[in-house]
Amino acid sequence: MDEKDNPFDMDSSSFDSDRYLEKLLKDCSLKQIMDTEAAVVKDTQTLHSDMQTLVYENYNKFISATDTIRKMKDDFKQMETDVNLLMTKMQSITTFSEQITGTLQGTRSQLCRLSEKHSLLKRLQFLSTLPAKLKSLIEEQNYAQAVQDYLHAQKVFAQYGRQPSFDGIQRDCDAIMAELKERLRQDFQRAGNTAQSLTEIGELLLQLDEKTSDLASEMLRCAGKRLHEQIAMLQDQTERDMLEFVDMGIEGFLNDLALVVTSYFDMFVAKHYEHERDDFQENALNELNIFLNQNIDNYLSLVQDRVESDIGYGDTQVMLRALDRLHRRLQAMRNICRGLQVQRNTLDIIIAAAHQLCDAHGKNLRDHFADSLSAVRLSLVSAKSDVATGVNLNDLISNLYVAMLEKIKGVLQDLLIFLRTDWSFNIKAEHKGALCVEGIREHLLIGFLRHISKMMCGFADTSGSSPPNLLLVLSKTCLELEQQGVHILATLVDDLYEIDSENSATLTHETEICAEMRETAQSLLDAYVRLQGTNISQMLRKSVETRDWLNCLEPRSVRAVMKRVVEELGSIETVVASLYDSTGNPGFRTTASSDSSRKTYFSNFNATKPQYRSNWSNYTPSQLESSYVSNIHRLFSERVDIFTSVEFTKSSIVMGIIKIGLKTLLECVRLRTFSKFGLQQIQVDAHYLQMNLWRFVSDENLVNFLLDEILGSAVHRCLESVLMEPNAVEIICERG
């Protein structure tokens with residue numbers, strides 16, 4: 001059933017309340033009937049409220065419409081009066097028009113003839129006054145109007161030129177225009193003419209039938225002089241900033257160049273001249289192309305010179321804003337000069353500027369690093385007492401490392417301005433530009449890191465003139481770069497400049513630089529060990545060479561030089577410990593060997609090696625004189641490498657220094673001859689070293705081996721090989 005005809009639908013026009021009520025009582029429960037009643041009451045109230053709202057709104061609209069209708073009635077009454085008055089006046093006008101038409105009906109043809117005669121008289125008057133008018137216009141320098149009037153008169157002369165009266169006027173006009181033509185030629189060739197004036201004069205000369213090919217060549221020659229003067233003027237604008245300099249060039253030079261080019265193109269290339277050769281337009285286009293590129297080359301060379309002089313001194317952002325503006329202007333010129341090929345563009349200048357700025361930043365980085373090294377060296381010298389305890393070394397390394405990284409990060413951020421998206425140019429789109437971006441990574445960052453490595457290696461090569469702690473600071477700085485700095489900087493430059501160095505065959509991988517940094521750190525640390533070992537060696541060598549070992553008194557104390565050596569090693573350990581730990585040596589000991597072991601002069605080897613102890617005191621003098629014991633001892637001992645590379649741990653560094661010092665002492669002992677007391681003094685000194693050097697090293701057996709060698713050499717070089725009692729040696733060393 002259609003919803004519109006449903007008798008049970010309250011919204012239907014066919015709704016039957018009785019049938020609806022009967023159906024409701026039959027089909028629904030009491031609760032449903034009550035709910036339906038409540039819904040009907042609610043809908044009724046809602047409809048009543050909506051109806052009241054509509055009545056109020058429509059009442060207001062009805063009142064407004066009534067007012068509008070009343071006003072329209074008044075306006076129509078006034079309009080009706082005005083329309084009636086207009087109709088009366090139009091009828092009057094129509095009557096007068098009919099009367100005038102009837103009156104002039106007989107004289108209309110006569111008026112037409114008079115009008116034609118009047119027009120002819122005006123032409124004759126124009127021709128008769130033309131020579132005087134041309135002179136007046138020329139005196140007023142209104143050349144364009146004079147040429148226009150002359151060309152207009154040429155049509156009349158062509159029609160009536162055979163009349164004697166007109167022939168005289170034509171000769172006068174031709175003479176006047178010949179003088180004007182000569183004057184225009186002189187003005188055209190005059191120096192200082194603007195491009196606008198050259199164009200205007202060229203147009204006038206063409207209208208006066210000047211030879212086209214000569215005028216084309218002359219126009220380019222004169223325009224070239226004017227543009228050259230502007231180039232010379234721009235060369236003197238050194239006091240202006242880059243933006244003003246480029247604006248002057250755009251508003252002056254480039255605008256004039258564009259005007260000359262477009263005017264020349266319109267006058268000589270776009271038009272066809274019947275009296276010229278067939279290839280005239282092609283030759284004119286080639287000449288214009290050469291002229292355009294020569295002048296743009298001259299101007300861009302001037303801009304490039306200015307950019308090169310501003311790099312490193314001026315504001316880079318201002319410079320790039322100027323070059324961006326110039327790039328936009330040249331792009332617009334290319335669009336204007338269609339059919340012409342502008343070979344050079346500003347991208348070459350921008351890429352060259354990026355290269356030059358990279359070089360300038362690279363020099364600044366090198367200078368900054370050199371200044372930082374000087375500051376570190378000065379701090380080490382001026383605060384030697386503090387640095388000797390290792391207090392300031394970490395601060396110096398941190399300052400040097402952080403300052404270096406922040407400086408490099410700042411430079412990379414500065415150069416990122418070349419890749420801003422709001423510029424009209426995109427240097428990465430060009431092959432040269434892409435190479436330039438990669439050059440920022442290779443020549444600036446990688447080149448500077450290699451410069452750091454090379455410069456620090458120079459300190460290792462000339463370690464004799466460098467403070468020892470400087471070598472330690474530089475070595476630790478290189479190690480920090482190898483562990484963190486190189487990765488941070490390489491990742492930063494790859495992310496900023498969107499460089500895929502991982503998959504590139506031409507770019508340097510960060511692992512290569514890390515290897516170079518670690519090699520440099522190793523060289524510096526080895527140089528530090530050699531230098532400190534040399535200092536210890538000099539003290540020991542002088543103590544051996546300056547003493548008379550044949551006339552020694554019985555030893556009563558440890559020599560002062562041995563105490564000084566132990567103190568110096570303690571200072572070195574304190575400094576090294578502030579930078580390196582002993583994590584690389586799990587066997588490093590913080591306690592000495594047992595007393596029973598130390599009382600036999602030197603401790604036993606550990607359990608993994610054949611155990612032995614120094615038993616020089618148990619041999620008789622005749623046995624000691626024999627080299628048999630020494631040779632057996634060397635046969636079963638391991639070879640000790642003195643000048644090997646050390647590890648980046650405290651114990652390895654200090655052990656390297658100790659090995660150099662003890663090896664020097666051994667060689668000096670081998671060159672001396674000892675008395676009994678001299679041998680005993682060496683015995684006391686060696687035992688004192690054995691008692692104190694254990695805490696500096698991780699392998700006590702190596703120290704004991706070298707001390708055994710020293711004492712054994714002293715025994716071989718002694719005239720009366722009698723060693724002191726062990727208990728006496730212990731007492732002297734503990735007291736001493």
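The model is predicted; local features need pLDDT of at least 70, side-chain atom pairs count only at pLDDT 80 or more, and totals for chains, interfaces and linings use all residues. Residues are numbered from 1 along each chain as its sequence is written, and side-chain values use heavy atoms, with hydrogens and water left out.

**Helix 23**

- Helix 23 covers residues 700–716; helices are DSSP runs of H or I, at least four residues long, numbered from the N terminus.
- At 1.5 Å a residue, the 17 residues of helix 23 should span 24 Å, and the end C-alpha atoms are 24 Å apart, which agrees. The expected span is 1.5 Å times one less than the number of residues.
- Buried means under 20% relative accessible area, exposed over 50%, and partly exposed in between (1.4 Å probe, protein chains only).

**Lys650**

- Lys650 belongs to helix 21 (residues 650–670) and is buried, with a relative accessible area of 12%.
- A polar contact of 3.5 Å links the side chains of Lys650 and Glu573. Such a contact is a pair of N or O atoms within 3.5 Å; within protein, one must be able to donate a hydrogen and the other to accept it, and residues adjacent in sequence count only if both atoms are side-chain atoms.

**Salt bridges**

- The structure holds 23 salt bridges, each defined as a side-chain nitrogen of Lys or Arg within 4 Å of a carboxyl oxygen of Asp or Glu.
- Lys23 is bridged to Asp27, with the closest N and O atoms 3.4 Å apart. Both residues lie in helix 1 (residues 17–27), four residues apart, about one turn of the helix. An α-helix has 3.6 residues a turn, so residues three or four places apart point the same way. Lys23 is partly exposed at 39% relative accessible area, and Asp27 is partly exposed at 48%.
- Glu244 and Arg240 form a salt bridge with closest N and O atoms 3.9 Å apart. Glu244 is partly exposed at 38%, as is Arg240 at 32%.
- In the salt bridge between Arg518 and Glu482, the closest N and O atoms are 3.3 Å apart. Arg518 lies in helix 16 (residues 510–545) and Glu482 in helix 15 (residues 468–497), so the pair ties together parts that are 36 residues apart in sequence. Arg518 is partly exposed at 37%, whereas Glu482 is buried at 18%.

Methods
Helices (H or I, at least four residues) and strands (E, at least two) are DSSP runs, numbered from the N terminus.
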